[in-house]
Amino acid sequence: MAKLTVRDIDVRGKRVFLRVDYNVPLEEKDSQMVITDSTRIIETLPTLKLLMEKGGRLILAAHLGRPKGKREVTMSLAPVALKLSELLGKPVAFVDDCIGDKVASAAAALKDGEVLLLENVRYYSEEENNDPAFAEKLAKVADLYVNDAFGAAHRAHASTEGVARIVTRRGGLAAAGLLMERELKFLGDELENPARPFVVILGGAKVSDKIKVIDRLLEKADTILIGGAMAYTFKLAHGVKTGKSLVEPDHKGTALAAEEKAKLRQVNFQLPTDTIIATPVDTGKLNKKGKPVYDLTQIRTVSGDIPDDAEGFSIGPETAANYVKIIQSAKTVLWNGPMGMFEDARFAAGTNAVAQAVVDATRNNGAKSIIGGGDSVKALNKAGLGDQVTFMSTGGGASLEFLEGAVLPGVAALSEK
Ligand code: ADP
Ligand code: MG
């Protein structure tokens with residue numbers, strides 16, 4: 001079921017309603033909102049340039065922040081229009097609304113290859129409610145629909161789903177942008193028939209967040225390596241003491257069922273054999289959010305029970321060395337979720353070792369390496385290795401749902417090839 005992409009469609013002279021992910025971080029400086037990271041804008045340039053070269057008249061729609069149906073000046077897309085114009089080296093028209101007469105006349109004024117950015121679609125609560133009348137208003141200026149916002153595709157909102165449905169109902173086409181195309185290729189097609197060995201590394205905070213992904217990947221993977229706080233629920237299920245570690249006692253059964261399935265399917269399912277722990281000591285102070293601040297003292301490695309007063313924060317060196325060896329001989333690697341609390345340098349070694357092994361497998365073993373999940377991408381970038389893997393998803397929540405095998409509404413609404 002391949003989806004139509006921007007490569008396949010003729011857009012000359014047509015108004016292309018293009019949903020992008022311009023949910024960029026902003027900071028207030030001298031009472032002006034300034035973009036602090038333009039990555040998301042830069043990433044859409046290939047799709048924009050292709051459509052501009054093909055002579056499309058581009059009408060860009062996006063959300064920014066959570067204005068909850070109100071005009072929130074700090075969440076205006078106006079600074080994005082300026083930045084985009086600078087990056088394209090061409091003027092970008094901007095309308096301070098996403099529906100109505102102003103939009104209609106700005107869209108009518110577009111010539112082939114010109115670009116118009118609409119104001120934040122979430123200034124209307126109808127956007128997130130996927131209100132049909134609102135979607136009709138958005139679709140007024142759309143001959144064709146293109147979605148390049150993979151990170152929003154798991155939501156059935158008016159601009160991600162409703163407009164696509166309306167355009168196709170009218171006999172128009174709805175296509176994936178180049179970014180979206182890559183996400184579908186690497187998180188979808190490439191994992192359907194992966195080169196083997198296919199090694200999956202799963203970490204992060206909670207088993208409950210990842211169980212659907214574990215379940216689905218148990219049907220594809222040769223090896224699954226478990227790390228992060230998630231591992232402690234498995235340990236707990238085996239009767240190992242986990243001290244003050246982050247665990248989900250209600251999910252002990254889930255954990256055991258996953259291991260059982262791994263056995264049945266002959267998947268090499270590995271849990272950490274050692275853990276870096278620390279003893280938290282209350283400082284009596286509160287942080288900005290009013291939560292108690294703990295000093296993490298007596299950092300050490302254990303291989304069995306975690307003492308009652310201690311907490312696990314990462315896989316240990318023995319586990320890391322074992323995982324590294326397995327990863328280095330993989331032909332396909334999927335990594336979702338850090339191996340520990342990597343944000344704190346004292347607990348980042350295990351995650352960094354895994355990150356380096358993923359890079360080594362890519363470079364030395366010809367492996368395809370695919371990274372999904374917001375914090376895994378952060379960890380890889382923090383280690384300075386972001387550009388040395390095959391693919392890093394831009395999706396966050398959307399990539400997790402896609403890996404679970406869920407049908408994303410924003411993808412489902414696109415035309416088939
Ligand atoms: P992703 O966004 O890649 O899917 P998650 O959101 O599931 O990953 O988990 C990432 C978070 O889990 C990180 O903020 C990390 O600090 C935390 N984490 C991982 N291991 C531990 C641990 N042992 N103790 C506490 N937090 C952990
Ligand atoms: Mg996360």
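Buried means under 20% relative accessible area, exposed means over 50%, and partly exposed lies in between, with a 1.4 Å probe and protein chains only. By this rule Gln298 counts as exposed, at 52% relative accessibility.

This is a predicted model, in which local features need pLDDT of at least 70, side-chain atom pairs count only at pLDDT 80 or more, and totals for chains, interfaces and linings use all residues. Residues are numbered from 1 along each chain as its sequence is written, chains are lettered from A and ligands numbered from 1 in the order in which they are written, and side-chain values use heavy atoms, with hydrogens and water left out.

**Overall form**

The chain holds 15 helices and 17 strands. Helices (H or I, at least four residues) and strands (E, at least two) are DSSP runs, numbered from the N terminus. The chain has a radius of gyration of 23 Å, close to the 22 Å that the globule rule gives for 417 residues, so the chain is as compact as a globular protein of that length. That radius is taken over C-alpha atoms, and the globule rule is 2.2 Å times the number of residues to the power 0.38. The C-alpha trace spans about 70 × 50 × 35 Å along its principal axes. Of the 417 residues in the chain, 53% are buried.

**Backbone features**

Most residues other than glycine have a negative phi, and most peptide bonds are trans. Gln298, which lies in strand E13 (residues 292-302), is not a glycine, yet its phi is positive, at about 50°. Gln266 also is not a glycine and has a positive phi, of about 55°. Gln266 sits in the loop between helix H10 (252-264) and strand E11 (268-270), and is exposed, with a relative accessible area of 73%.

The peptide bond between Arg196 and Pro197 is cis, with omega at about 5°. Pro197 is placed in the loop between helix H7 (178-192) and strand E9 (198-202).

**Salt bridges**

Side chains of opposite charge can pair when their charged atoms come close. A salt bridge here is a side-chain nitrogen of Lys or Arg within 4 Å of a carboxyl oxygen of Asp or Glu. The count by this rule is 21 salt bridges. The table gives some of the pairs.

| Pair | N to O distance |
|---|---|
| Lys3 and Glu416 | 2.7 Å |
| Asp21 and Arg40 | 3.5 Å |
| Arg19 and Glu127 | 4.0 Å |

Lys3 and Glu416 meet in a salt bridge. Lys3 lies in the segment before strand E1 (15-19) and Glu416 in the segment after helix H15 (409-412), so the pair ties together parts that are 413 residues apart in sequence. Lys3 is buried, at 11% relative accessible area, whereas Glu416 is partly exposed, at 37%.

The side chains of Arg19 and Glu127 form another salt bridge. This pair links distant parts of the chain, with Arg19 in strand E1 and Glu127 in helix H4 (residues 125-128), 108 residues apart. Both Arg19 and Glu127 are buried.

Asp21 is bridged to Arg40. Asp21 lies in the loop between E1 and strand E2 (26-29) and Arg40 in helix H1 (residues 39-53), so this pair ties together parts that are 19 residues apart in sequence. Asp21 is buried, with a relative accessible area of 13%, and Arg40 is partly exposed, at 33% relative accessibility.

A network of salt bridges links Lys185, Glu190 and Lys368.

**Surface and separations**

Arg66, Lys68, Lys70 and Arg155 gather in a surface patch of positive charge. Patches are made of residues with over 30% relative accessible area and no salt bridge; like charges are joined within 9 Å, and nonpolar side chains (Val, Leu, Ile, Met, Phe, Trp, Tyr) within 5 Å. Arg66 is in the loop between strand E4 (57-61) and helix H2 (78-88), and is exposed, with a relative accessible area of 63%.

Val73 lies in the loop between E4 and H2 and is exposed, at 70% relative accessible area. Val73 and Ala107 are 34 residues apart along the chain, and their C-alpha atoms are separated by 23 Å. Leu400 and Leu187 are 213 residues apart in sequence and 9.5 Å apart in space, C-alpha to C-alpha. Leu400 is in helix H14 (residues 397-403) and counts as buried, at 17% relative accessibility.

Technical notes:
Accessible areas come from the Shrake-Rupley method with a 1.4 Å probe; for residues, only the protein chains shown count as cover. Lys and Arg count as positive and Asp and Glu as negative; His and the chain ends are not counted. The place of a charge is taken as NZ of Lys, CZ of Arg, CG of Asp or CD of Glu.
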